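Biologist: Before any discussion begins, may I ask that the sequence and the model be placed before us?

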Amino acid sequence: MSYDVQRIRADFPILNEKVRGKRLAYLDNAATTQKPRAVIDTISRYYETSNANVHRAVHELAERATTQYEGARDRIAQFFNAQREEVVFTRGTTEAINLVAYSFLRPLLKEGDEILVTGMEHHSNIVPWQLIAAERGAKVVAAPVLDDGALDLDGWRALLNERTRFIAVVQVSNTLGTVNPVAEIIAEAKRRDIPVLVDGAQAVAHLKVDFAALGADFYTLSAHKLYGPTGFGCLLGKKARLDAMPPWHGGGDMIRTVSFSGSTWAEPPYRFEAGTPDMAGAIGLAAAIDYVEAIGLDAITAHEHALLEYATPQLHAIKGLRLIGTAPGKGGILSFVLEGADAQDVGSILDMQGVAVRTGHHCTMPLMARFGVSATVRASLACYNSEEDIGQLAAALNKAIQLLR
Ligand code: PMP
């Protein structure tokens, strides 16, 4: 069956919006994806028919809410090939990484220890490690990035040593589109018995992730990058790791018993889920997964790849445009600068043409420094983008050049 992008576009009501009076070309998917009708309706239906607090009541609505909420956990676990006990609900990738930093690594970290990351991490995979490293006299070390935006794997290996206590790596760079060799990184880490966290925020909507096969200790994701709601995500954690971790937030739902002489903790994942959770978030993510699976993640990957191949020469043909991030096998992200033009100005002119892109450092300031720029313009692809969107981008860029030169 061929990929019918127009049919897919019709599933996303927001794509019919006119912006600045123009057809919307939404190319800011790495920041957040739009939501299909199926996800929006599932969330509305939950509030219309089933809303109640989960877990702690016997009434019918609480039972419906709990069944749907825990059913979502099963669905998410199945999609990522994880056990349901390995799926911890969080507010997103950022919270998931902080959970690992504070609950798992902080108690283990000693003076002189090193946390090995890469030079292309999002700030959320740098700053939490810096915070705990500063407390313990440890340090965060970053592996080099090659000129094309690929990870320098030899450089990464050269930084491994007996002080390396933890490894964190982004699977797909939100700024460059680089797909990192996480299987090799995990294999090397395992040989040395070093735990690994993979930041999958930019991966899950674009390539199939099998948590069991991957072998990472921790994997993080955000629902909103996978056509689901904002403010919800998961930490996938190997059961043995989670079992050994103390709570990090205290409150309701994460305890087994509470008394003034001391409290005891629930089993994972509940140990890490204090307070009333985001029921609609979980149910919304499960609906997004249903949506993606109905299209087929492989079909989406192939579509985005074809679109990237279509777009790249068109951007290369624009005079003075420099693409940043051209690593082989990269995902659907086009980051670039226009010679002599401020990225912000370019973004504003694109916006006037109905083209939504992101400009700035994309929460990767060290990477900007590595490439000697302070900001880029970033167009990022999703399942509903079409050749028309790319044409609109290219035309708007040519307009920007006329206006800015
Ligand atoms: N890591 C990467 C690679 C990202 O692209 C993002 C979101 N831009 C994050 C982490 C943080 O995700 P969230 O803001 O959803 O917590």
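**A buried threonine**

Modeller: The side chain of Thr178 comes within 2.6 Å of the backbone oxygen of Gly149. The model in which this contact is seen is a predicted one.

Biologist: Where in the fold does Thr178 lie, and is Thr178 buried or exposed?

Modeller: Thr178 belongs to the loop that runs between strand 7 (164–170) and helix 7 (182–191). Its relative accessible area is 2%. Buried means under 20%, so Thr178 is classed as buried.

**The ligand site**

Biologist: Which residues are around the ligand?

Modeller: The ligand takes up the space of the largest pocket. By class, its shell has two nonpolar, eight polar and two charged residues. The residues around the ligand are Thr93, Thr94, His122, Ser124, Val170, Asn174, Asp199, Ala201, Gln202, Ser222, His224 and Lys225.

Biologist: How far from a nitrogen atom of the ligand does a polar side-chain atom of Asp199 lie?

Modeller: Asp199 is one of the residues around the ligand. The distance from a polar atom of its side chain to a ligand nitrogen atom is 2.5 Å.

Biologist: What percentage of the area that the ligand exposes when taken alone does the protein bury?

Modeller: Taken alone, the ligand exposes 400 Å². Of that area, the protein buries 85%.

**Backbone geometry**

Biologist: What is the phi of Arg20, and is Arg20 buried or exposed?

Modeller: Arg20 is placed in the loop between strand 1 (18–19) and strand 2 (22–23). Although Arg20 is not a glycine, its phi is positive, at about 50 degrees. Its relative accessibility is 55%; the class exposed requires over 50%, so Arg20 counts as exposed.

Biologist: What is the phi of Cys363, and to which accessibility class does Cys363 belong?

Modeller: Cys363 sits in the loop between strand 16 (358–360) and helix 13. Cys363 is not a glycine, yet its phi is positive, at about 55 degrees. With a relative accessible area of 30%, Cys363 falls between the limits of 20% and 50%, and is therefore partly exposed.

**Accessibility and separation**

Biologist: Is Pro229 buried or exposed, and how many Å separate Pro229 from Glu309 in space?

Modeller: Pro229 lies in the loop between strand 9 (218–222) and strand 10 (233–237). At 13% relative accessibility, under the 20% limit, Pro229 is buried. Pro229 and Glu309 are 80 residues apart in sequence, and their C-alpha atoms are apart in space by 29 Å.

Biologist: Is Gly372 buried or exposed, and how many Å separate the C-alpha atoms of Gly372 and Glu387?

Modeller: Gly372 is placed in the loop between helix 13 (365–370) and strand 17 (376–380). Its relative accessible area is 65%, and Gly372 is therefore exposed. Along the chain, Gly372 and Glu387 are 15 residues apart, and the separation of their C-alpha atoms is 31 Å.

Biologist: In which helix is Ala134 found, and how many Å apart in space are Ala134 and Glu111?

Modeller: Ala134 is found in helix 5, which covers residues 127–136. At 64% relative accessibility, Ala134 counts as exposed. Ala134 and Glu111 are 23 residues apart in sequence, and the C-alpha to C-alpha distance is 9.5 Å.

Biologist: Where does Asn16 lie, and is Asn16 buried or exposed?

Modeller: Asn16 lies in the loop between helix 1 (5–10) and strand 1. Its C-alpha atom is separated by 29 Å from that of His361, 345 residues apart along the chain. The relative accessible area of Asn16 is 62%, so Asn16 is exposed.

Terms used
Residues are numbered from 1 along each chain as its sequence is written. This is a predicted model: local features need pLDDT of at least 70, side-chain atom pairs count only at pLDDT 80 or more; totals for chains, interfaces and linings use all residues. Side-chain values use heavy atoms; hydrogens and water are left out. A residue is near a molecule or strand if one of its heavy atoms lies within 4 Å of it. A polar contact is a pair of N or O atoms within 3.5 Å; within protein, one must be able to donate a hydrogen and the other to accept it, and residues adjacent in sequence count only if both atoms are side-chain atoms. Accessible areas come from the Shrake-Rupley method with a 1.4 Å probe; for residues, only the protein chains shown count as cover. On a 1 Å grid over the protein atoms alone, a cavity is a set of points where a 1.4 Å probe fits but cannot get out, and a pocket is an open set with protein on both sides within 12 Å along at least five of seven lines; lining residues have an atom within 4 Å of a point. A molecule sits in a cavity or pocket if more than half of its atoms lie within 2 Å of its grid points. Ala, Val, Leu, Ile, Met, Phe, Trp, Tyr, Cys and Pro count as nonpolar, Asp, Glu, Lys and Arg as charged, and the others, Gly among them, as polar. Helices (H or I, at least four residues) and strands (E, at least two) are DSSP runs, numbered from the N terminus. Buried means under 20% relative accessible area, exposed over 50%, partly exposed in between (1.4 Å probe, protein chains only).
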